[in-house]
Amino acid sequence: MNQELKDITGQEYKEGFVTEVEQEYVPKGLNEDIIRMISARKDEPQWLLDFRLDAFRKWQKMKAPTWGHLDLPPIDFQDIIYWAAPKRDADRPKEIDPALMETFDKLGIPLHEREVLAGVKPKESQVAVDAVFDSVSVTTTFRKSLSEKGIIFCSFSEAVREHPELVRKYLASVVPVTDNFYAALNSAVFSDGSFCYIPKGVVCPMELSSYFRINASGTGQFERTLIIADEGSRLSYMEGCTAPMRDENQLHAAVVEIIVEKDADVKYSTVQNWYPGDAQGRGGILNLVTKRGICKGSGSHLSWTQVETGSAVTWKYPSTILKGDNSSSEFYSVALTNNRQQADTGTKMIHIGRGTRSRIISKGISAGHSQNSYRGLVRVNPGAEGARNYSQCDSLLIGSKCGAHTFPVIMNSCPSATVEHEATTSKISEDQMFYCAQRGIAPEEAVSLIVNGYARDVLQRLPMEFAVEAQKLISVSLEGAIG
Amino acid sequence: MENDILLQIKDLHAGIEGKEILKGVNLTIRRGEIHAVMGPNGAGKSTLSAVLAGKPEYTVTSGSIEFAGRDLLTMTPEERSWAGIFLSFQYPVEIPGVTITNFMKTAVNARRKAAGQEELSAGDFLKLMKEKMAFVQMKSEFSKREVNVGFSGGEKKRNEIFQMAMIDPLFGILDETDSGLDVDALKIVAGGVNSLKGPRKSFMIITHYQKLLEYIVPDVVHVLKDGRIVTTGGRELADRIWQQGFEGIDE
């Protein structure tokens, strides 16, 4: 296509900076001593150390999954630093390093609660943030005003100290330690993440969010998030993430567990913007993540929305176990890969309860030399009378060197269930490009317009301010896509 | 007057996939003029409009096109658009998920940016949209629809004229905008062109039939046959074609 587009090399990843901050680490490598060290640094109770050690022993006997449509570089698990944190000022341990404040400012993540409370911004745009920097949570905003409603929103480490009974009850209740290789690894070494509990009948008055930032070189990030929505409660949760540009691959192996009780409603949105590596495929985050929710009670509802533009490799299947009768879940996904990126992502919907419903809308966009796969499982168990699923998997190809693949699996053991699957593959046509150009829209902007249009069904599910961000991110990620 | 010339095509040879379709077209359009280009199927009418707009599949093998004093053939399609060329497509293209509002906002602001102007404010843009939608008798829901998706033939053509009104070009090319339109839609299209014309602006109406020319009165009528303009005359030429067909018109 156009020469000027061919000339654009590499994409602008504006979150690729490094924060100069003094950090402390545990030694490189992984063994029981390292795990004891991590646990000790966090002042953890014995039961949690035992949980970690048990997970580590199990992990050692497990093998990394190879079924993904991915060319994953070999990971040397002894060559990773499993815990890294910015040093705290010994005299003022509660104070946040200004360099960290600045970092999150630069990323557009508001850690200044006061500014919002003073009415600088309208109240409806309030977002509570748990900001995680490498292995520790830097701060969690709006904790106090949330706690007035009985909402617990804090870092995972604090939850272990302050609400051990809740953590103990729910930890690994949705993603068992041995669920998969990376979940087991996470269970052994997880550092920090977010914890959230919404009590019975409470509607969370603002968006809650976690922002994950990898900064230190040679490290991995292993966050653990646990969300519990008690009976009749409502919550909208957002998650964002970025990392510096480096030539090395960095591992991100998170576990997210969500418990949705009777008639509760949880909306979980992710805009994944990990560093994707350069145009030649050097560096980038290996994003190997397990996210799962359970609709435990009747009439409960869990909605996943994800916009995946980052990571060198994405291996991620946010899933829902529909246990409660008449519970429902949705999975809305946009996965965009460019250059040498690889994504194998999708969902699992497990129908157990009667009258359960699920809906899957997946929009894959492949550009450059990237490989983009949708992988999904819809399973309807024998007792799930009247269950319904609708799946739609669309793939959009930009250029002729990329790949789009779909691996949908349907296992229906219930004759009264209805399962529908639709799939399309399309390309941005020369005619569309010319039509836009004729109206004065240059190729790069035209591609962004067309792709955002294609992903519209999913993007409009995102909370407002997130949707605007996501659209911009899609445009940026597509830079240099034609040529 | 020489400087009143908006478009000058000299000995244009052009084609697609190695096949020559235009075999030496000469055409001069002055500012303020409406030209009709008529001709049988396969004469090269749509090729002429595609070449003017810069459609990438078409290759110009020789000849020149000067537009508003600039060499058109060195310009990209979007540059030609910015310079003032608008093509009303014979087959408008669907862009799923992109609303008319979003599409026009992107187009209008891209043009303003190219001209070194600031983006239009949301309020001014919506006012402009409303005004131009009324112009082609589109209901307000129209702005929320996806570009050309599920549009009837008539709606697609009206959408083209709506976009032309939004952009208000120096030179509008209507590529068989009248085909498949009923009389009411034809009147809307013609009304659009008539109210957009002005002393500095010109139009090229490509058509099979003289029906549209009852509503848009051309200053000059050309007959294109086998890649050449074989006859040029006044509006009476269109009537003659209507009575005799293209057969006898050669000289």
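Author: Let's settle one word before anything else: a residue is buried if 20 or more other C-beta atoms lie within 10 Å of its own, exposed if 12 or fewer, and partly exposed in between, with C-beta atoms placed from the backbone. Residues are numbered from 1 along each chain as its sequence is written, while chains are lettered from A and ligands numbered from 1 in the order in which they are written. Keep in mind that this is a predicted model, in which local features need pLDDT of at least 70, side-chain atom pairs count only at pLDDT 80 or more, and totals for chains, interfaces and linings use all residues.

On confidence, chain B has a mean pLDDT of 91 (pLDDT being the predictor's confidence in each residue, from 0 to 100), and 98% of its residues reach 70 or more. For the complex, the predictor gives an ipTM of 0.96 and a pTM of 0.87.

Now the overall build. Chain B has 8 helices and 12 strands (DSSP runs numbered from the N terminus: H or I over at least four residues for helices, E over at least two for strands). Its C-alpha trace spans about 55 × 40 × 40 Å along the principal axes. The radius of gyration of chain B is 18 Å, which agrees with the value near 18 Å for a compact globule of 251 residues (it is taken over C-alpha atoms, and the globule rule is 2.2 Å times the number of residues to the power 0.38). Of the contacts in chain B with a separation of 6 or more, 69% come from residues 24 or more positions apart (in contact means that C-beta atoms, placed from the backbone, lie within 7 Å).

One piece to pick out is an open sheet of 4 strands in chain B, ordered β2-β1-β4-β5 with antiparallel pairing (strands pair if DSSP finds at least two bridges between them). At the edges stand β2 (19–30) and β5 (70–71) of chain B; each has a single partner strand, so one side of each has no neighbour in the sheet. Further in, β1 (residues 5–16) and β4 (residues 58–67) of chain B pair in the antiparallel sense over 8 bridges. There you'll find L7(B) opposite F67(B) in β4(B).

Next, α3(B). This helix has 15 residues and reaches 21 Å from first C-alpha to last, close to the 21 Å expected at 1.5 Å a residue (the expected span being 1.5 Å times one less than the number of residues). Its buried residues are I100(B), F103(B), M104(B), K105(B), T106(B), A107(B), V108(B), A110(B) and R111(B). Within chain B, those buried residues pack against α2, β7, α4 (122–135), β8 (146–147) and α5 (153–167), and they also pack against α11 (443–454) of chain A. Just after α3(B), G116(B) takes a positive phi of about 75°.

That brings us to where the chains meet: 21 residues of chain B are in contact with 18 residues of chain A. On the chain B side, the elements giving two or more residues are α2 (77–83), β7 (95–99) and α3 (100–114). The largest share, 5 residues, comes from α3(B). By class, this side has 13 nonpolar, 5 polar and 3 charged residues (Ala, Val, Leu, Ile, Met, Phe, Trp, Tyr, Cys and Pro count as nonpolar, Asp, Glu, Lys and Arg as charged, and the others, Gly among them, as polar).

Two single residues are worth a stop. Q137(B), in the loop between α4 and β8 of chain B, has a phi near 55°, a positive value in a residue other than glycine. Q137(B) is partly exposed, with 15 other C-beta atoms within 10 Å. L212(B), by contrast, sits in helix α7 (residues 212–215) of chain B and is buried, with 25 other C-beta atoms within 10 Å. Leaving out residues up to four places away in sequence, L212(B) touches D178(B), L186(B), A190(B), I205(B) and T207(B). As for A190(B), it is 22 residues from L212(B) in sequence and 7.1 Å away in space, C-alpha to C-alpha.

Note on methods:
Contact = placed C-beta atoms within 7 Å.
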